[in-house]
Amino acid sequence: MSQWKQIQQLEIRLLEHVDYLYDDNFPMDIRQGLASWIESQDWDSAANNDSMAAVLFTNLLSQLDRVCSQEQDFLQRHNMKFIKQQIQVKYKNNPEHLAKVISTCLREERRILSSACMQEQGPLEKSLQNSVAFERQKNMDNRVAIIRSSVQLMDQAVKYIEDMQDDFDFRYKTLQSRDQTERNSDMMKQEVTRLQEMLNGLDFKRKEILTKIDAIIKEIDDLMSSQLSPELQDWKRRQQIASIGGPLLTGLDQLQGWFTLTVQSLFQIKRQLDKLGDLVAKVTYESDPIPLQKPQMEERVKCLIYHLIKSSFVVEKQPCMPTHPQKPLIIKTGVQFTTKVRLLVKLPEVDYQLKVKTTFDKDLPPGRVSRQFFILTNNTKIMDIEDYSNGCLSVEFRHLQLKEKKYINGTKGNEGLLSVTEELHYLSFEASFTVQGLTIDLETCSLPLVVISNVSQLPGGWASVIWYNLLTDEPRNLVFFGNPPWATWSQLSEVLSWQFSTFAGRGLNREQLSMLGEKLLGQHGGYSDCHVTWSKFCKENIPGKPFSFWMWLDSILELIKKHLLPVWNDNYIMGFVSKEMERTLLKDREPGTFLLRFSESHLGGITFTWVEHSDNGEVKLNSVEPYTKSRLSALPFADIIRDYKVISDGVVPENPLKFLYPDIPKDEAFRRHYNSHPNKAYPYIPSTLIPISELRSNAGTTPPPCQSPEPPMTPGEFNMLNEHLCFDMDNMNSPYSE
């Protein structure tokens, strides 16, 4: 079943999250009309490859043309043509951005499907959904709109005062121009009285507008401190969680709208105060409120503008290697990485020549890290307006590269305090510009980075990224791993499930997570509140094994991603199940019933176990030697299940695998994954690799799992073996026999 069909079967609560994914950037009409084609393309790779993105963009437009030509309904055909035109205009100069949008939507769909498999959401996801509640956003929209409207009304009030003052000024100067003899007349006295009344009215209006402007400034100050700043911090926290596989990061465009409207209101107030200053230059008097109050108001407005624009400079896309788009914040020396910064205010005055400079480990105290790096490539770029977004100013550094500094006498100094993957670094960004007489220095920095020099350090680096962003919202705690905090199992299990939904398309259910908790923590009545230390998670070896829990789990993720993805996403791999549970599940099933689980003794291995019943009713369970990536590279896993044979006591070999647990016929489950393409071997006779295990019996010893030769035999080799070799083997009890 396609991913889109699975989405459509979700309950209303989850469909609302899906609805939130699709807007004008990628309309749901396209997702619906091209569902199968979209899911068959590699959007993740295209999101980091210009030429591939351009090809997919062209193909997408062709597919839309095909849909339009086949659509019988006139209105639907019209709408699809209009959508195609919009997409073409929006992304013709940047098809890579469209690939990123589609990749993100597909990944988030998988996460939503994964959450549907779980009986309840994890604590992190619940908290994130509460933090972006619709009511709070609506309140923010209303409050910003009211402020904007109030500021607009002040323009009218200033204009009214200006008209009053012009009238007063005209009458006053007219009176001044009269002869001295006329000034003592009754008419002149009446005019003076009228001027005094006008001045009193002008004074009242000046005090009134200053009071109102002061109230608006206080309202903006409160808005920034009580809502806007927390919303920005909330977005940054959600960015951390999204970087480790959490829910889709949204809301930056909405934040930009709030920031832009607020800063526009502040600049408008600044202009209104400047205008009031101009009025004072023409007419002033004793106890005039404008000269008394205006300087303090101007200072407060400048301060608010400065802090608002300074805080609007954010890292939109954290540093990431295009080769590993789903593992950001890990940089390998000598490998290109990308990052993107954005200014959340739109002001015409700063739409040109805003130069951004990036620096690695700026102002890092000596001795803090054992290795030092510098940016090898150009580290300065100009911010541009994005045509395909809502006109924000941003800059993407797409060709950055790190190089390690050489050390005198080959000594790095301060080595041994932390491992390479625990040592944290950061990337800083700086810019400066002047707007309406205000010089503003911008600076922001990335989340902490892990720098590796060998790809074998990638799993350890990713563990560090997960642990940091799961457990702290501090933007730059570079000594975090000097004394790393523990995590609760409820926190960690949720993030581990995200790893599977992100990298393998389907998250883990409660039973699978329970088995992982048992493997990591031992048998407990409940795991939710159990504490997991950093060392136990990824540094200490599993008892009796030469590898840590995280290395074991990461190797399984890699195996699924490269060799087992279709079978995993069909939910045919039980995966995480103990041998005890395996026996409980299989012992009462039909002979030939099997299940698929990951090896607990091998890194990145998968095995299948099947049940047999002897003539005397004895239950036997047999497990094949785990298949690892080297063997799965030679033969697809579904073909192994189809063609698997067991040789025992010279009996004609047969496939013992009949039913996938609980009772699904093997071919019904795996037929669509079989490799049915014949080998083009002409003029040779085609050959097929067949996996064969040999069951040996040796009384009094504990047998190993069924051994499968490397590589699997061809049919010809098997026939020759069957004809010329005589198997004289004693019956042997299974390691699971009772």
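# Briefing on a predicted chain

At 6% relative accessibility, threonine 260 counts as buried (buried is under 20% relative accessible area, exposed is over 50% and partly exposed is in between, with a 1.4 Å probe and protein chains only). The model is predicted, so local features need pLDDT of at least 70 and side-chain atom pairs count only at pLDDT 80 or more, while totals for chains, interfaces and linings use all residues. Residues are numbered from 1 along each chain as its sequence is written, and side-chain values use heavy atoms, with hydrogens and water left out.

**Whole chain**

- The chain has 738 residues, of which 48% count as buried.
- Its secondary structure comes to 23 helices and 23 strands (DSSP runs numbered from the N terminus: helices are H or I with at least four residues, strands are E with at least two).
- Of the contacts with a separation of 6 or more, 72% are between residues 24 or more positions apart (a contact means heavy atoms within 4.5 Å).

**Confidence**

- Mean pLDDT for the chain is 82, and 84% of the residues reach 70 or more (pLDDT is the predictor's confidence in each residue, from 0 to 100).
- Residues 698–704 have pLDDT below 50, and this stretch has seven contacts in the model beyond near neighbours in sequence.
- Residues 720–738 stay under 50 as well, and the model has 43 contacts for them beyond four places in sequence.

**Aromatic pairs**

- The whole structure contains 29 aromatic pairs (rings of Phe, Tyr and Trp, the last by its six-membered ring, pair if their centres lie within 6.5 Å; planes under 30 degrees apart are stacked, over 60 edge-to-face and the rest tilted).
- Tryptophan 610 and tyrosine 644 are an edge-to-face pair, at 5.8 Å centre to centre with 65° between the planes.
- Tryptophan 610 is in strand β17 (residues 606–613) and tyrosine 644 in the loop between α21 (637–643) and β19 (645–648), so the pair ties together parts 34 residues apart in sequence.
- Tryptophan 610 and tyrosine 644 are both buried.
- Tyrosine 627 and phenylalanine 637 have ring centres 6.5 Å apart and planes at 70°, so this pair is edge-to-face.
- Tyrosine 627 lies in the loop between β18 (619–623) and α20 (629–632), and phenylalanine 637, ten residues apart from it, lies in helix α21.
- Both tyrosine 627 and phenylalanine 637 are buried.

**Charges over rings**

- Lysine 327 has its charged end over the ring of phenylalanine 503, 5.4 Å from the centre (NZ of Lys or CZ of Arg must be within 6 Å of the ring centre and within 35 degrees of the ring normal).
- Arginine 642 lies over the face of tyrosine 674, 5.0 Å from the ring centre.

- Helix α14 (residues 458–471) has 14 residues and should span 20 Å at 1.5 Å a residue, which agrees with the 20 Å between its end C-alpha atoms (the expected span is 1.5 Å times one less than the number of residues).
- Twelve of the 14 residues of α14 are buried, so the helix is largely enclosed by the rest of the structure; among them are Trp462, Trp467 and Tyr468.
- Threonine 260 is placed in helix α12 (residues 252–282), and touches Leu344, Val345 and Lys346, not counting residues up to four places away in sequence.
- Glutamine 8, in helix α1 (residues 3–8), counts as partly exposed at 41% relative accessibility.
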